[in-house]
Amino acid sequence: MHDINGDSSSIRRVAIASFIGTTIEWYDFFLYGIAAAAVFNVLFFPQLNPTAGTLAAFGTFAVGYFARPLGGVIFGHIGDRVGRKAALVTTLLIMGVATTLVGALPTYESIGVFAPLLLLLLLRLLQGLSVGGEWGGAVLMAVEHAPSHRRGFYASSAHAGAPAGLILSTGVFSLCALLPKEQFLSWGWRVPFLLSLVLLAVGMFIRLRLRESPVFERLKNEQGKERIPVLTTLRHPANVIRVALLRCIDGTASSIYSFFAATYAIQHLGFSTATATSGNIVGGVVGLLILPVAAALSDRVGRRRAYLAFVAFATLIVFPVTWLIGAGVPALFWLAMALGLGIANYGQYGTVSAYFAELFPTGTRYTGASLGYQLGGAMFNGTAPLIAASLLAWAGALWPIAVLVMVSGLISMVTALLSPETVKADISAPPSTSPSTPPSETVQA
């Protein structure tokens with residue numbers, strides 16, 4: 001095994017840059033989901049009844065997730081051929097512009113059916129493409145700069161951007177939701193989206209100053225790059241499928257807790273928008289605390305063992321968390337978000353930050369990790385709110401949604417038990433062999 005060359009201060013700078021960049025990306029992406037739960041059904045689908053409007057709003061939410069695998073392929077190609085830094089700068093620029101334009105978009109009242117079409121087919125699609133390439137690059141920059149015995153810990157800096165982005169987007173949106181309802185629906189909901197332009201400027205300044213990954217630099221210097229990384233990756237698809245299925249529980253649960261639960265609390269429990277979305281802040285704060293702990297644990301006991309512990313916890317607490325949500329008490333609702341979203345879901349994130357990257361060789365690492373991760377996002381994150389809303393409309397109760405989360409947990413646990421351990425994998429294997437070596441031969445079971 002070889003440690004990546006570089007001093008601790010440069011590794012910390014990369015980790016901080018990964019954290020700030022992904023925070024901005026996830027601020028933009030999560031903001032859309034929160035707005036879909038709170039206002040898009042009213043402003044962009046007013047011709048539908050409340051249930052149908054909610055389903056339509058979550059349908060546009062799902063489009064962003066369905067675009068993410070394509071974004072993973074496109075930016076994975078750039079990241080594996082041109083460089084990790086080039087891909088990350090491009091994804092941030094696209095996301096920032098698309099999110100700002102959502103804030104300037106005319107509503108159904110102004111331009112009719114073109115409003116949801118622009119929202120659905122253009123801006124949300126661009127968001128999905130962008131975030132599809134973001135995660136892989138941010139994690140790889142941290143993993144490929146870090147010493148081997150702390151790869152999990154440093155890689156979690158990129159994943160920590162998810163709860164931080166959730167806190168930031170929910171906090172800003174909740175503040176705007178304190179406006180009188182007429183003003184909020186008229187212009188207040190736009191403010192968080194327009195603020196993305198400021199965050200874009202900050203993020204671009206940080207990312208343009210990043211150093212390229214030393215592992216990729218060596219690959220480039222030794223002429224080890226793959227000509228078409230996605231084709232090489234798909235010749236050995238086992239790890240792409242493995243990553244997607246490992247995401248079953250975190251994708252399903254995170255979207256239900258982050259987005260569907262807020263909609264349920266507003267529409268069925270009578271919570272104000274600020275009270276309901278504050279649950280995301282609680283879950284995000286707890287997640288920020290638990291993520292580095294879970295990541296450090298994965299460095300000590302192994303990725304798979306740490307992951308299984310958090311998945312088992314997530315599966316066991318589903319019905320208690322569902323009861324807390326359905327109780328209709330704000331404090332219990334926030335406790336549910338702390339347990340389900342904060343500890344269970346973000347704990348899993350901490351254990352897989354390095355795991356997914358370690359499953360792939362250097363020449364196809366960006367493409368392979370991104371494609372598997374984003375396929376899981378499309379299959380599970382993107383569909384979960386829509387399925388949950390449909391189950392609620394069918395049963396008039398939350399228990400079928402709890403069963404859905406439990407089944408997703410079992411799928412992820414079985415997948416983990418059939419997966420290799422990678423904590424001791426040599427991710428800096430010589431470029432002459434790593435791009436063409438089957439993934440199963442690059443890890444130590």
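Contact here means heavy atoms within 4.5 Å. Helices are DSSP runs of H or I with at least four residues, strands are runs of E with at least two, and both are numbered from the N terminus. With those two terms in hand, take helix α20, residues 384-395, and helix α21. Ile387, Ala388, Leu391, Leu392, Trp394 and Ala395 of α20 meet Trp399, Pro400, Ile401 and Leu404 of α21.

Before I go on, a word on the source. This is a predicted model, in which local features need pLDDT of at least 70, side-chain atom pairs count only at pLDDT 80 or more, and totals for chains, interfaces and linings use all residues. Residues are numbered from 1 along each chain as its sequence is written, and side-chain values use heavy atoms, with hydrogens and water left out.

Back to the first pair. The angle between α20 and α21 is about 140 degrees, and their axes are 8 Å apart. An axis is a line fitted to C-alpha atoms, for helices over the stretch in contact, and angles run from 0 to 180 degrees between N-to-C directions. Under 35 degrees counts as roughly parallel, over 145 as roughly antiparallel, 65 to 115 as roughly perpendicular, and the rest as oblique. That makes α20 oblique to α21. The residues of this contact divide into 10 nonpolar, no polar and no charged. For that count, Ala, Val, Leu, Ile, Met, Phe, Trp, Tyr, Cys and Pro are nonpolar, Asp, Glu, Lys and Arg are charged, and the others, Gly among them, are polar.

Next, α21 and α14. Helix α21 covers residues 399-417, and it packs with α14 at about 150 degrees, the axes being 7 Å apart. The two are therefore roughly antiparallel. On the α14 side the contact has Cys248, Ile249, Thr252, Ala253, Ile256 and Phe260; on the α21 side it has Ile401, Leu404, Val405, Ser408, Gly409, Ile411 and Ser412. This contact has nine nonpolar residues, four polar and no charged.

Helix α14, residues 248-268, also packs with helix α18, residues 330-358, at an angle of about 160 degrees and with axes 9 Å apart. So α14 and α18 are roughly antiparallel too. Among the residues in this contact are Ile249, Asp250 and Tyr257 of α14, and Phe333, Met337 and Tyr349 of α18. The division here is 10 nonpolar, five polar and one charged.

Now the cysteines. How many disulfides does the structure hold? Zero, where a disulfide is a pair of cysteine sulfur atoms within 2.5 Å. Cys248 is buried, at a relative accessible area of 2%, and Cys176 is buried at 11%. Buried means under 20% relative accessible area, exposed over 50%, and partly exposed in between, with a 1.4 Å probe and protein chains only.

Thr367 lies in helix α19, residues 365-381. Is Thr367 buried or exposed? Thr367 is buried, with a relative accessible area of 0%. Leaving aside neighbours within four places in sequence, Thr367 is in contact with Gly76, His77, Asp80, Pro229, Val230 and Thr233.

Arg227 sits in the loop between α11 (214-221) and α12 (229-235). At 65% relative accessibility, Arg227 counts as exposed. Not counting residues up to four places away in sequence, Arg227 touches His77 and Arg81.
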